[in-house]
Amino acid sequence: DAGVIQSPRHEVTEMGQEVTLRCKPISGHDYLFWYRQTMMRGLELLIYFNNNVPIDDSGMPEDRFSAKMPNASFSTLKIQPSEPRDSAVYFCASSLQQAITGELFFGEGSRLTVL
Amino acid sequence: AQTVTQSQPEMSVQEAETVTLSCTYDTSESDYYLFWYKQPPSRQMILVIRQEAYKQQNATENRFSVNFQKAAKSFSLKISDSQLGDAAMYFCAYRSAETGANNLFFGTGTRLTVIP
């Protein structure tokens, strides 16, 4: 299996622009997670989906952030408009139903820089 | 909410020596998973080792082993025969095994340096 695939690997944009991050989970996984990693706050959960349905979005910072999962093999995280404080590494992760292994498999992350 | 605490922001070890990274967690649940993830400079999060709370036996994976103390809510990682490739950030993480709680809670990480 190719693992969790994220794109782009790096994104540099200017404040006010729209940013879309993409994720392809491991085939057959039921759960998909979006995490953000910063020096100040560490790894924090933004949102997660179960069978394409958003379950917990309480970590989404504000209305500028939105996430979708139109099908089992694709998810997006959109920031509109972007701000410098959104600069971070964004990770996507997927897993099977937790009763089996509990493990999350992570993508390589998308490093976002907002100027 | 569950919390995971790593009290050692940085650690160093001589190559071939043994090092232990500490982790404590707070939960009222009885069934859960604990993990150690490694994040090298490439930033990929790599699972090092996993422990199911219902198992009393400590997990081991080659040079990596854990000391799981459920009553004390402690989950330390021991790396034996340290290698240069072990240099990375190490994150302790907690995940509930109970219905309706699926998030993975991370500690703040410990940066491990391996000295040649």
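1. In chain A, a disulfide (a pair of cysteine sulfur atoms within 2.5 Å) is formed by A:Cys23 and A:Cys92, whose sulfur atoms lie 1.9 Å apart. The torsion about the S-S bond of A:Cys23 and A:Cys92 is about -70°, and the disulfide is therefore left-handed. Because A:Cys23 belongs to strand β3 (residues 19-24) of chain A and A:Cys92 to strand β9 of chain A, the pair ties together parts that are 69 residues apart in sequence. Strands here are DSSP runs of E with at least two residues, and helices are runs of H or I with at least four, numbered from the N terminus. Both A:Cys23 and A:Cys92 are buried, where buried means under 20% relative accessible area, exposed over 50%, and partly exposed in between, with a 1.4 Å probe and protein chains only.

2. A word on the basis of these values: the model is a predicted one, in which local features need pLDDT of at least 70 and side-chain atom pairs count only at pLDDT 80 or more, whereas totals for chains, interfaces and linings use all residues. Residues are numbered from 1 along each chain as its sequence is written, chains are lettered from A and ligands numbered from 1 in the order in which they are written, and side-chain values use heavy atoms, with hydrogens and water left out.

3. Chain B has a disulfide as well, joining B:Cys23 to B:Cys92 with an S to S distance of 2.0 Å. This link of B:Cys23 and B:Cys92 is left-handed, with -70° about the S-S bond. The pair connects distant parts of the chain, since B:Cys23 sits in the loop between β3 (19-21) and β4 (24-26) of chain B while B:Cys92 sits in strand β10 (residues 88-96) of chain B, 69 residues apart. B:Cys23 counts as buried because its relative accessibility is 2%, and B:Cys92, with a relative accessible area of 1%, is buried too. A search of the whole structure over all chains finds two disulfides.

4. How many residues take part in the contact of chain B with chain A? With contact taken as heavy atoms within 4.5 Å, 22 residues of chain B touch 25 residues of chain A. The area buried between the two chains is about 1,900 Å², and carbon and sulfur atoms give 45% of that area; buried area stands for the accessible area (1.4 Å probe) that two parts lose on being put together, summed over both. On the side of chain B, the residues that lose the most area to chain A are B:Arg43, B:Arg95 and B:Asn102, which together account for 35% of what that side buries.

5. The count of salt bridges between chain B and chain A is one, a salt bridge being a side-chain nitrogen of Lys or Arg within 4 Å of a carboxyl oxygen of Asp or Glu. The side chains of B:Arg50 and A:Glu103 meet in a salt bridge, with 3.1 Å from N to O. Eleven residue pairs, both members at pLDDT 80 or more, are in polar contact between chain B and chain A. A polar contact is a pair of N or O atoms within 3.5 Å; within protein, one must be able to donate a hydrogen and the other to accept it, and residues adjacent in sequence count only if both atoms are side-chain atoms.

6. As to which elements build the side of chain B that touches chain A, those giving two or more residues are β5 (32-39), β6 (46-52), β10 and β11 (104-106) of chain B. Of these elements, β5(B) gives the most, with four residues. By class, that side of chain B has ten nonpolar, eight polar and four charged residues, where Ala, Val, Leu, Ile, Met, Phe, Trp, Tyr, Cys and Pro count as nonpolar, Asp, Glu, Lys and Arg as charged, and the others, Gly among them, as polar.

7. Some backbone details deserve a check in the model. A cis peptide bond with omega of about -10° joins A:Ser7 and A:Pro8, and A:Pro8 is found in the loop between β1 (5-7) and β2 (10-13) of chain A. The peptide bond from A:Gln80 to A:Pro81 is also cis, with omega near -5°, and A:Pro81 lies in the loop between β8 (74-79) and β9 (88-95) of chain A.

8. A:Asn51, a residue other than glycine, has a positive phi near 50°; A:Asn51 is placed in the loop between β5 (42-50) and β6 (53-56) of chain A and counts as partly exposed at 48% relative accessibility. B:Asn62 likewise has a positive phi, near 55°, in the loop between β7 (60-61) and β8 (64-69) of chain B, and B:Asn62 is exposed, with a relative accessible area of 79%.
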